[in-house]
Amino acid sequence: MQSHGAADAESVLAAFARTPGDVAAARRVARQFAELDEGERSALLWSEDAGARLVAVVLLVQAMRAHPDPELTDEYLAAAKAERFDDTALVDLAAEELVGAPLVGGSTGPLFALAKSDVAVVRRIAVVATLAFAKQGDAEVPLAIAGRLVRERSDTVQSALGWVLRETGKRASEPALVAFLERHGRFLSPAARATATEHLPPAERDRLRG
């Protein structure tokens, strides 16, 4: 464990530079620097360096697991809204825990607000965050957000829709997913439709892929 005194954004970057630079490496480095203070973490999150941003997002998720705090969500979303995230991994490894999980059992209004964002990555956050609901057996919230965004052409959003719809069918309600795809499936990109239906019985899958 790194001591408070020695840990700063530069030493995190130096440690990450000695790794393959993937998500697994970012997790290892984030564990090593778990005691990094908020100011140094913020410097990483707002850095021009893609690796710095990746480690910062993992640090936010670690912090949320240790001590849930809405300020961690706000910090994450501020960077996303400022278009600091050019890699969908920054959404996919964090949105469920930082944005979705805190809303389970409460108001889902913030998710619908994110779905209206002008920033494609923020709209992807709205989609991926709903995994927190699907994993609790709630198909309604994921399908409502998907319904708002299904006509979107950007792959940033479409690729997330395919994955989250599949998980909603597997974990919450297959009949609700099938009904959604019967109504809206034609708006999904072919790749998203293929992903959304891949766990369904073959005859059902072929019918919905049309």
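The model is a predicted one, in which local features need pLDDT of at least 70 and side-chain atom pairs count only at pLDDT 80 or more, whereas totals for chains, interfaces and linings use all residues. Residues are numbered from 1 along each chain as its sequence is written, and side-chain values use heavy atoms, with hydrogens and water left out.

With 1% relative accessibility, A94 counts as buried, a term that stands for under 20% relative accessible area, with exposed meaning over 50% and partly exposed lying in between (1.4 Å probe, protein chains only). When its neighbours within four places in sequence are left aside, A94 is in contact with V57, V61, Y76 and V99, contact meaning heavy atoms within 4.5 Å.

## The largest pocket

The largest pocket has a volume of about 380 Å³. On a 1 Å grid over the protein atoms alone, a pocket is an open set of points with protein on both sides within 12 Å along at least five of seven lines, while a cavity is a set where a 1.4 Å probe fits but cannot get out, and lining residues have an atom within 4 Å of a point. Grid points are joined across faces, edges and corners, and a volume is the space filled by probe spheres set on the points. The pocket is lined by 16 residues, of which L36, E38, R41, A63 and L72 are the closest to its centre.

At least two lining residues come from each of α3 (38-45), α4 (50-66) and α5 (70-81), and α4 gives the most, with four. By class, the lining has six nonpolar, three polar and seven charged residues; here Ala, Val, Leu, Ile, Met, Phe, Trp, Tyr, Cys and Pro count as nonpolar, Asp, Glu, Lys and Arg as charged, and the others, Gly among them, as polar.

## Packing of α1 against α3

Helix α1 (residues 9-17) packs with α3 at an angle of about 55°, their axes being 9 Å apart; axes are lines fitted to C-alpha atoms, for helices over the stretch in contact, and angles run from 0 to 180 degrees between N-to-C directions. The two helices are therefore oblique to each other, since angles under 35 degrees count as roughly parallel, over 145 as roughly antiparallel, 65 to 115 as roughly perpendicular and the rest as oblique. On the α1 side the contact is made by A9, V12 and L13, and on the α3 side by E40, A43 and L44. Five of the residues in this contact are nonpolar, none is polar and one is charged.

## The cavity and T130

A search of the whole structure finds one cavity of 30 Å³ or more, and about 40 Å³ of space lies in the largest cavity. Its lining consists of V127, T130, P142, I145, A146, L161, V164 and L165, which divide into seven nonpolar, one polar and no charged. Both α11 (140-149) and α12 (155-171) supply at least two residues of this lining.

T130 is placed in the loop between α9 (120-129) and α10 (131-134), and at 0% relative accessibility T130 counts as buried. Beyond its neighbours within four places in sequence, T130 is in contact with L111, V141, P142, I145 and V164.
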